[in-house]
Amino acid sequence: MPEAKAQNILKDIYERSLFLALIGSGYVGLPTAALFADAGFHVIAIDIKPEVVEAVNRGVSPIKELGLDGLILRNVQAGRLKATSSLKSLTQTDAVIVSVQTPINQNRKPNLSFLMKAVEDIGKTLKKGVLVVISSTIPPGTMLEKVKPTLESLSGLKAEEDFYLAYVPERIAPGKAIKEFVESPRLVGGIGPNSTKITSELFKTVCKKVIETDATTAEIAKLAENTYRDINIAFANQLALLCEQYGVDVKKVIRLANTHPRVNIHAPGPGVGGPCLPKDPYLLISKAELQENIVEMARRINDYMPRHVVKITTQALNNTGKNVKGCKIVVLGTAYKADVDDSRLSPSKPIIQQLLSLGARVVAYDPYCQESFKAEKAKNLKEAITNADCLVIVTDHTEFKKMDLLKLKECMRETPVIVDGRRIIDPAKAKNAGFKYYGVGYGVKNEVQRCS
Ligand code: SAJ
């Protein structure tokens, strides 16, 4: 049973009279704000970007996220959700959730400047009884070594006694954010029992299940999830490279291996992108002293894959008697993964840059993303592929899975090539339509030569 003074904030949670602020209203913060508003709380979403604030206050989502538009509109109209660039509202809130980015610097060390700026802003106005929740992905030890002492020294208050503090990592993937926010079990790592209990009760108003733990365990568990996925994909990519050498199709190998009840190998691809997987493994090991290091090795393999795609492309064009220099190459997809409009750390970027540096004419097409990474930008698929020599599939958007290969072939130059970085095209169908088909992990003897 929490102490008597914790009862006030619990009552506010149960009665939905708690006033909640979100610092950082991006891919994670905005779904968080909208869902808590929908649960009945008054929520203020704070963001430095004026276009985000303006869109939300108009009742529109500034990002493509299934179900978010409706949630924002409903709650803005009901007066429960507002956005602002001002920090003034922090003086009136009963709870604050921080969802700002925690990128890595060039030296691959964590850059906590955005997080600590938010924590300092909170610390300067912190009142007794307020709950502070950090949701940004952070290196192990950040809550106890940085967040807690900063809040305490700036406010003169004591965590767990005067105010409450917890780490609640997000687990939502762009594209499924709303569903996963509600349905994925949520880790709640308070810095003490009162903080854990209060935060749990708050998140239970939206999430179906919360799992209580301590802050440092939650920090490492969050990083372990994304690092596990990155290492698993690196293994799949390693297998793909190996299968190419043996003239074997990695998709078949993985399908067979995964029939074992305890094996779950992920999908190989043109590289691992997005705001999380390429950097979270570095957060995990940022202060650790390790003799051997599987985490960095996996990162190196995944970072190599865009170069491999470029090598397959160069080789494929050579095999048809063409030189990459001067060829029109269409990069399909600049989003980092299927059916999202997010191009952060997308493998398309290094692929486009390398093809451009080899002298190719590169045209990018993505149905959702405006980003073209300095390639020419096509408005639609037809415009992109007309007179092209080669299609390089980087993103597994649904639209690309449904392409009519015969129609594509008609618009392209002679001996057109497909380089399928995602393995979304059936090789037999591509060949029947008149394409030369190449793909990551598609090792067919005498057809794909090993690109070393
Ligand atoms: N990818 C592959 N092969 C696969 C799966 C993914 O190459 O089998 C690539 C994707 O195409 C993409 C990258 O990996 O380029 C990352 O995509 P993702 O779907 O693995 O992950 P994110 O970054 O969209 O979201 C991840 C999720 N973490 C896990 O699944 C363990 C999500 O639940 C987290 O909330 C999110 O990171 C985050 O914000 O931390």
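Visitor: In this predicted model, how many bridges join strand β13 to strand β14?
Guide: Strand β13 covers residues 417-420 and strand β14 covers residues 436-439, and the two run parallel. Within this pair, V419 stands opposite Y438 of β14. The number of bridges that join β13 to β14 is four.

Visitor: Which strands stand at the edges of the open sheet of eight strands?
Guide: The eight strands of this sheet follow the order β3-β2-β1-β4-β5-β6-β7-β8, with mixed pairing. A strand at an edge has a single partner, so one of its sides is left without a neighbour in the sheet. Neighbouring strands here are turned against each other by 25° on average, with direction ignored. The strands at the edges are β3 (81-84) and β8 (210-214).

Visitor: Which residue of β5 is the bridge partner of A95?
Guide: Strand β4, residues 95-98, pairs with strand β5, residues 131-134, in the parallel sense and over four bridges. For A95, the bridge partner in β5 is L131.

Visitor: What angle does the direction of α5 make with that of β4?
Guide: Helix α5 packs on the sheet, where it touches β1 (19-23), β4 and β5. Taken against the direction of β4, that of α5 makes an angle of about 170°.

Visitor: How many nonpolar, polar and charged residues has the contact of α5 with α6?
Guide: Helix α5 (residues 113-125) and helix α6 (residues 142-155) pack at about 35° with their axes 7 Å apart, and α5 passes α6 in a right-handed crossing. Residues making this contact include L115, M116 and E120 of α5 and K146, V147 and T150 of α6. By class, the contact has seven nonpolar, four polar and three charged residues.

Visitor: Which residues of α13 make the contact with α12?
Guide: On the side of α12, the contact is made by P306, R307, V309, V310 and T313. The residues of this contact divide into six nonpolar, two polar and one charged. Those that α13 contributes are P350, I351, Q354 and L355.

Note on methods
Residues are numbered from 1 along each chain as its sequence is written. This is a predicted model: local features need pLDDT of at least 70, side-chain atom pairs count only at pLDDT 80 or more; totals for chains, interfaces and linings use all residues. Side-chain values use heavy atoms; hydrogens and water are left out. Contact means heavy atoms within 4.5 Å. Ala, Val, Leu, Ile, Met, Phe, Trp, Tyr, Cys and Pro count as nonpolar, Asp, Glu, Lys and Arg as charged, and the others, Gly among them, as polar. Axes are lines fitted to C-alpha atoms, for helices over the stretch in contact, and angles run from 0 to 180 degrees between N-to-C directions. A crossing is left-handed if the near helix is turned anticlockwise from the far one by less than a right angle, and right-handed if clockwise. Two strands pair if DSSP finds at least two bridges between them.
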